[in-house]
Amino acid sequence: MSAETAPHILVIEDEPAQMELIRYNLEAQGFQVTQAGNGEDGLIHMEEILPDLVVLDWMLPGVSGIEVCRQIKRQKHTRKVAVIMLTARGEEADRIRGLDTGADDYVVKPYSVDELIARVRALLRRTRPAGVGENLIVGDLALDSEQHKVTRNGTPVKLGPTEFRLLATFMESPKRVWSRDRLLDRVWGMDCDVDYRTIDVHIGRLRKALKQSGMPDPIRTVRGTGYSLDTE
Ligand code: CA
């Protein structure tokens, strides 16, 4: 798995040994991992990185895992992110089944790491990238992620692979402001050697391709912050 396409997983777990075990094994499988030791931090990371999947412990100090899950599933822009809950054996597992938390799957502690990773992979196949085979439509823009085709107002737009990924990223979360660091992380992958200027060059190419036949520029520069898609 290349860093460019490595799914980003947010792990929210308050027990350091558990966290270390999960992080180590996910990274060994090529995933990008962000850690949070409590629900509040988890929700902040959720907004910042918009991960592909969340591994969420049920028993957390402060905001509980259930509440974190509910908040993720309540917000329009995070609703599609897959959530796997970690629960203790017995009552909790029964309760989670009966509760309307919106969790996509759950794993009962003590679990084997192989089992957790198998569940992670299964869920990612279902949910990434932003619905394979699903058409993203924002304003007059349409993106077919399976066929790698983009149209604006029905007219095909030719994009290079990097511009395509940039646009897909913007269209997954319209109006969200993306910092250059987040775009780097999302479009190029964490471990690459790309500087801000390169991002600006690709944004320039994307803009040029989208502004065909005098149409307005849908990419907004947010001064001192980054970029966002605004088709209105
Ligand atoms: Ca815990």
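## Contacts and burial

Leaving aside residues up to four places away in sequence, Ser 173 touches Leu 50 and Trp 178, where contact means heavy atoms within 4.5 Å. The model is predicted, so that local features need pLDDT of at least 70 and side-chain atom pairs count only at pLDDT 80 or more, while totals for chains, interfaces and linings use all residues. Residues are numbered from 1 along each chain as its sequence is written, and side-chain values use heavy atoms, with hydrogens and water left out.

Ser 173 is placed in the loop between α6 and β10 (178-179); helices (H or I, at least four residues) and strands (E, at least two) are DSSP runs, numbered from the N terminus. Trp 178 also has Arg 176 over the face of its ring, at 4.0 Å from the ring centre, the criterion being that NZ of Lys or CZ of Arg is within 6 Å of the ring centre and within 35 degrees of the ring normal.

Relative accessibility is classed as buried under 20%, exposed over 50% and partly exposed in between (1.4 Å probe, protein chains only).

| Residue | Relative accessibility | Class |
|---|---|---|
| Ser 173 | 4% | buried |
| Glu 15 | 34% | partly exposed |
| Asp 57 | 2% | buried |

## The calcium ion

The calcium ion has as its protein donors Asp 14 (OD), Glu 15 (OE), Asp 57 (OD) and Met 59 (O), which lie 2.1 to 2.6 Å from it. Donors are N, O and S atoms within 2.8 Å of the metal (3.2 Å for Na, K and Ca), and water is not among the atoms, so sites may look incomplete. Distant parts of the chain are linked here, since Glu 15 lies in the loop between β1 (8-12) and α1 (16-28) and Asp 57 in strand β3 (residues 53-57), 42 residues apart.

## Helices and the whole chain

Helix α6 (residues 161-172) packs against helix α8 (residues 196-210) at an angle of about 80°, with axes 9 Å apart; the axes are lines fitted to C-alpha atoms over the stretch in contact, and angles run from 0 to 180 degrees between N-to-C directions. The two helices, α6 and α8, are therefore roughly perpendicular, a class that spans 65 to 115 degrees.

Just after α7, Gly 189 takes a positive phi of about 95°. Overall, the protein chain comes to 8 helices and 12 strands, and 46% of its 232 residues count as buried.

Notes: Parallel < 35°, antiparallel > 145°, perpendicular 65-115°, else oblique.
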